[in-house]
Amino acid sequence: MSLPHAILTALLEKPSSGLELTRRFDKSIGYFWSATHQQIYRELGKLEQAGHIRALPAPVPARGQKKEYEVLPAGRAELGDWVGRSEDPKPMRSALLLRMRAAAIVGAEGLRAELERHLALHREQLDEYLAIEERDFPAERRRTEADRLRHLVLRGGVDLERFWVEWLTRALAELGRSEE
């Protein structure tokens, strides 16, 4: 149920077309809640039908013109209600961890290379998050509650990437030990 709320959040930050939303998801919300172009468009239709958003009137009507959407009061209210709701954490699903469990049974051929690939990807993502933090969240830009909340979301990503870098480094070291 979180995709509609991610879209409402993005539209409250800035009214956008579906294409613009897709691009913005890739640069911000998509770091922690990904969605395909098709999923976003499908959800925009549902949100519009539910009366949570509307397509802005085009300044000059034209065939094939992209629709830009804005959030209506009912959508803002829904998002506010959702923020205040209680929700249990979801169990983690990781194909990599499942692959490791399977390797314990069928053998670990190729697993080391996959762990090294994941380690490189997590290091790259960590570097990207740290660059975003340096660029967008210097101490003087964390004065408002909204700024602190956005920074905390980014710090959650930083901390998760640090966890994976540390864990994968340890896993590779453990797998590198010869059997005793």
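How are α1 and α2 oriented to each other? In this predicted model, helix α1 (residues 2-13) and helix α2 (residues 18-27) pack at an angle of about 100 degrees, with their axes 11 Å apart. Angles of 65 to 115 degrees count as roughly perpendicular, and α1 and α2 are therefore roughly perpendicular to each other. On the α1 side the contact involves L3, A6, I7, A10, L11 and E13, which meet L21, R24 and F25 of α2. Sorted by class, this contact of α1 with α2 holds seven nonpolar and two charged residues, with no polar ones.

| Partner of α1 | Angle between axes | Distance between axes |
|---|---|---|
| α2 (residues 18-27) | about 100 degrees | 11 Å |
| α3 (residues 37-49) | about 85 degrees | 10 Å |
| α4 (residues 73-84) | roughly 120 degrees | within 10 Å |

With helix α3, the axes of α1 and α3 lie 10 Å apart at an angle of about 85 degrees, which makes α1 roughly perpendicular to α3. Here L3, P4, I7, L8 and L11 of α1 are in contact with Q39, I40, E43, L44 and L47 of α3, and by class the contact of α1 with α3 comprises eight nonpolar residues, one polar and one charged. L3, I7 and L11 of α1 are among the residues that meet α3, and L3, I7 and L11 are also among those that meet α2.

The arrangement with helix α4 is described by a crossing of roughly 120 degrees, the axes of α1 and α4 coming within 10 Å; α1 and α4 are therefore oblique to each other. The crossing in which α1 passes α4 is left-handed, and the contact is made by S2, H5, L8, T9 and L12 of α1 together with G75, R76, E78, L79 and W82 of α4. By class, four nonpolar, four polar and two charged residues make up the contact of α1 with α4.

Turning to the chain as a whole, the domain assignment gives domain 1 (3-83) and domain 2 (95-179), and the centres of domain 1 and domain 2, taken over C-alpha atoms, are separated by 30 Å.

Side chains of opposite charge can pair when their charged atoms come close. A search of the whole structure finds twelve salt bridges, one of which joins R54 to E70, with the closest N and O atoms 2.6 Å apart. This pair links distant parts of the chain, since R54 lies in strand β2 (residues 53-55) and E70 in strand β3 (residues 68-71), 16 residues apart.

Definitions and conventions: Residues are numbered from 1 along each chain as its sequence is written. This is a predicted model: local features need pLDDT of at least 70, side-chain atom pairs count only at pLDDT 80 or more; totals for chains, interfaces and linings use all residues. Side-chain values use heavy atoms; hydrogens and water are left out. Axes are lines fitted to C-alpha atoms, for helices over the stretch in contact, and angles run from 0 to 180 degrees between N-to-C directions. Helices (H or I, at least four residues) and strands (E, at least two) are DSSP runs, numbered from the N terminus. Angles under 35 degrees count as roughly parallel, over 145 as roughly antiparallel, 65 to 115 as roughly perpendicular and the rest as oblique. A crossing is left-handed if the near helix is turned anticlockwise from the far one by less than a right angle, and right-handed if clockwise. Contact means heavy atoms within 4.5 Å. Ala, Val, Leu, Ile, Met, Phe, Trp, Tyr, Cys and Pro count as nonpolar, Asp, Glu, Lys and Arg as charged, and the others, Gly among them, as polar. Domain bounds come from an automatic or database domain assignment. A salt bridge is a side-chain nitrogen of Lys or Arg within 4 Å of a carboxyl oxygen of Asp or Glu.
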